[in-house]
Amino acid sequence: MRRFHDFRFGGLVLAGALGVATAALAHGPTPQKIEATVTIAAAPDKVWAVAGPFAGIAGWNPLIASGTSKGDGTKNGDTRTLTLKNGGVLHESLDEYDGAQRSYSYRLDDPDLKALPVSSYSATLTVTPEGTGSKVAWFGRFYRGDTGNEPPEELSDAAGRAAMKTYFETGLAGLKARVEGGR
């Protein structure tokens with residue numbers, strides 16, 4: 001049983017307990033953010049034709065072995081299941097799709113630490129005009145794989161940032177190659 005001590009100062013009562021200071025110093029995870037961009041030498045509509053289909057990411061992100069979907073990928077709540085080449089599986093849901101603005105936002109439904117060392121994420125992909133070509137931006141917000149106070153290194157904020165950065169940058173490089181290469 002804990003022992004509490006009352007300390008009275010001008011009518012205020014302060015309760016102190018053994019271990020309270022330690023608990024106050026501990027903190028859980030903080031949201032992390034990653035953004036990756038690429039410029040593609042093609043009109044935005046041509047880039048969107050490849051990047052826009054929510055379920056089509058397996059066709060341009062080289063880290064993905066295969067993908068399946070439920071829905072046509074243009075309605076809130078449509079889902080996709082992506083199997084990564086590392087064996088991990090991502091289950092994601094579409095939150096917002098705006099074909100006219102060439103943008104969609106989605107989120108991770110179930111974490112798979114083998115796929116990515118993060119416990120949750122939401123992301124947005126946009127295609128905008130950039131000079132005579134296009135700029136594709138992929139923005140994500142996520143939490144590390146272990147949300148405890150002292151995560152192992154492989155599930156830390158740094159590991160999550162590195163994995164998400166690699167996933168986004170490799171994907172955008174694959175998109176650029178696909179669109180500019182005409183495959």
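Predicted model: local features only at pLDDT ≥ 70, side-chain atom pairs only at ≥ 80, totals over all residues.
In general terms, the strands of a sheet pair through backbone hydrogen bonds, either parallel or antiparallel.

Individual pairings within the sheet can now be followed. Strand β8 (residues 118-130) and strand β9 (residues 133-144) run antiparallel and are joined by twelve bridges. In this pairing, Thr128 stands opposite Lys135 in β9. Strand β6 (residues 89-98) is joined to strand β7 (residues 103-110) by seven bridges, and these two strands also run antiparallel; Leu94 stands opposite Tyr106 in β7. Between strand β5 (residues 79-84) and β6 there are five bridges, again in an antiparallel arrangement, and Thr83 stands opposite Val89 in β6.

β5 and β6 form a hairpin with four residues between them, and Gly87 in its turn has a positive phi of about 95°. The hairpin of β6 and β7 likewise has four residues between its strands, and there Arg102 takes a positive phi near 55°.

Arg102 also takes part in a salt bridge. Its partner is Asp45, and the closest N and O atoms of the pair are 3.1 Å apart. Because Asp45 lies in helix α2 and Arg102 in the loop between β6 and β7, the pair ties together parts that are 57 residues apart in sequence. The structure holds eight salt bridges.

The helices complete the picture. How do α2 and α3 meet? The axes of α2 (residues 44-51) and α3 (residues 157-181) come within 10 Å and cross at roughly 120°. The two helices are therefore oblique to each other, and α2 passes α3 in a right-handed crossing. On the side of α2, the contact involves Lys46, Val47, Val50 and Ala51, which meet Leu175, Arg178 and Val179 in α3. Of the residues in this contact, five are nonpolar, none is polar and two are charged.

Notes: Residues numbered from 1 in each chain as written. Heavy atoms only, no water. Axes fitted to C-alpha atoms, helices over the stretch in contact; angles between N-to-C directions. Parallel < 35°, antiparallel > 145°, perpendicular 65-115°, else oblique. Left-handed = near helix turned anticlockwise from the far one by under 90°. Contact = heavy atoms within 4.5 Å. Nonpolar A, V, L, I, M, F, W, Y, C, P; charged D, E, K, R; others polar. Pairing = 2+ DSSP bridges. Salt bridge = Lys/Arg side-chain N within 4 Å of Asp/Glu carboxyl O.
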